[in-house]
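Me: I would like to learn how to read the features of a structural model. Please take me through one.

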Amino acid sequence: MSAISVRNVWAEFGDQIVIEDLNLEIASGSFVSVVGPSGCGKSTFLRMVLGQDRPSRGKLLLDGEPLPDEPGSDRGVVFQRYSVFPHLTVLGNVLLAYELGQSRFLGRLFGAARKKAIERSEELVAAVGLGPHRDKHPSALSGGMQQRLAIAQALAKDPKVLLLDEPFGALDPGTRAQMHALLKPLWERLGMTVIMVTHDLKEAFNLGTRVVAFDKVRHDPQAPGRFGARVTYDLDLTRHGPVPVLGFPRKHPVQATAP
Ligand SMILES: Nc1ncnc2c1ncn2[C@@H]1O[C@H](COP(=O)(O)OP(=O)(O)OP(=O)(O)O)[C@@H](O)[C@H]1O
Ligand SMILES: [Mg+2]
């Protein structure tokens, strides 16, 4: 579990302002969905939380401490199209991620530590429903299976924070629904803080405990890079109760009737 504080953060590339004075307090264990138009800086924001990019101004804190300068095993990441290692099997991909998380400098584990690593990797492969495919190579997997492998890889490092950048964007609606059914219980069980960027509002509301929208508040038609995105909506779904995506919430729960 981990809390993230975003304090007066700016992202600027040359004279283009992408993110402008962003402030967010993300509670430990929450699931934050980030939405917003293309190019408004959602991936840039995730890269800053990951430690891949640095804010040009302001600071990011993880549990009250400044974020380490580089990506660490405390933060896992899944992109829309994840490059799993093609020459390794499903189990091999998860095992490598686990080994890199445990033993960053050695990269390999031996003896009892390796046995434990294999057991843990097998558990993760099973948790994402790839048990029967553990010895296959990624080229023999469907898109949805590759994304499940990417999630298992990210979880292998036992991250406190899981960052998802349109992780299901390339999947068909049925596979997407399966991925939601997989991710939600994993998040609940592992107690991670999740930040997920998505273009799918229904997905944002179904999975998130909070939905944050980024957008530009000010525009200068003569200089498009002059103003950056800020938080334009911030909805705490735990406070407002369940949000109906279709129809209205039931006033009275349906009673189960005895046969
Ligand atoms: N390293 C970089 N150097 C220069 N400009 C960059 C860099 N990274 C991002 N940008 C610019 O920042 C802006 C925001 O990009 P970003 O990828 O964060 O948008 P996004 O909200 O994730 O969009 P999408 O929904 O299309 O994925 C873009 O105009 C992009 O060109
Ligand atoms: Mg993006």
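Reply: Let us begin with the ligand. Ligand 1 is surrounded by 14 residues, where a residue is near a molecule if one of its heavy atoms lies within 4 Å of it. The closest are Ser-38, Gly-39, Lys-42, Thr-44 and His-199. This is a predicted model, in which local features need pLDDT of at least 70, side-chain atom pairs count only at pLDDT 80 or more, and totals for chains, interfaces and linings use all residues. Residues are numbered from 1 along each chain as its sequence is written, chains are lettered from A and ligands numbered from 1 in the order in which they are written, and side-chain values use heavy atoms, with hydrogens and water left out.

Me: Which polar backbone atoms lie 2.8 Å and 3.2 Å from an oxygen atom of ligand 1?

Reply: A polar contact is a pair of N or O atoms within 3.5 Å; within protein, one must be able to donate a hydrogen and the other to accept it, and residues adjacent in sequence count only if both atoms are side-chain atoms. Here, a polar backbone atom of Gly-39 is 2.8 Å from an oxygen atom of ligand 1, and one of Cys-40 is 3.2 Å from an oxygen atom of the ligand. In the side chain of Gln-16, an N or O atom lies 3.1 Å from a ligand oxygen. Of the 640 Å² of accessible area that ligand 1 has on its own, the protein covers 61% (Shrake-Rupley method, 1.4 Å probe; for residues, only the protein chains shown count as cover).

Me: Which element gives the largest share of the shell around ligand 1?

Reply: Helices (H or I, at least four residues) and strands (E, at least two) are DSSP runs, numbered from the N terminus. Helix 1 gives the largest share of the shell, 4 residues. The shell divides into 4 nonpolar, 7 polar and 3 charged residues, with Ala, Val, Leu, Ile, Met, Phe, Trp, Tyr, Cys and Pro counted as nonpolar, Asp, Glu, Lys and Arg as charged, and the others, Gly among them, as polar.

Me: Why does Val-78 count as buried?

Reply: Val-78 counts as buried because its relative accessibility is 1%. Val-78 lies in strand 6 (residues 75-78). The C-alpha atoms of Val-78 and Asp-165 are 6.2 Å apart, although 87 residues separate them along the chain.

Me: Is Thr-175 buried or exposed?

Reply: Thr-175 is buried, because its relative accessible area is 17%. Thr-175 belongs to helix 5 (residues 173-190), and its side chain makes a polar contact of 2.5 Å with that of Asp-172.

Me: What is the volume of the second largest pocket?

Reply: Rolling a probe the size of a water molecule over the atoms shows where empty space is left. On a 1 Å grid over the protein atoms alone, a pocket is an open set of points where a 1.4 Å probe fits, with protein on both sides within 12 Å along at least five of seven lines; lining residues have an atom within 4 Å of a point. The second largest pocket has a volume of about 160 Å³, a volume being the space filled by probe spheres set on the points, which are joined across faces, edges and corners. Strand 4 (residues 57-62) gives the most to its lining, with 3 residues.

Terms used. Buried < 20%, exposed > 50% of the residue type's maximum accessible area, 1.4 Å probe, protein only.
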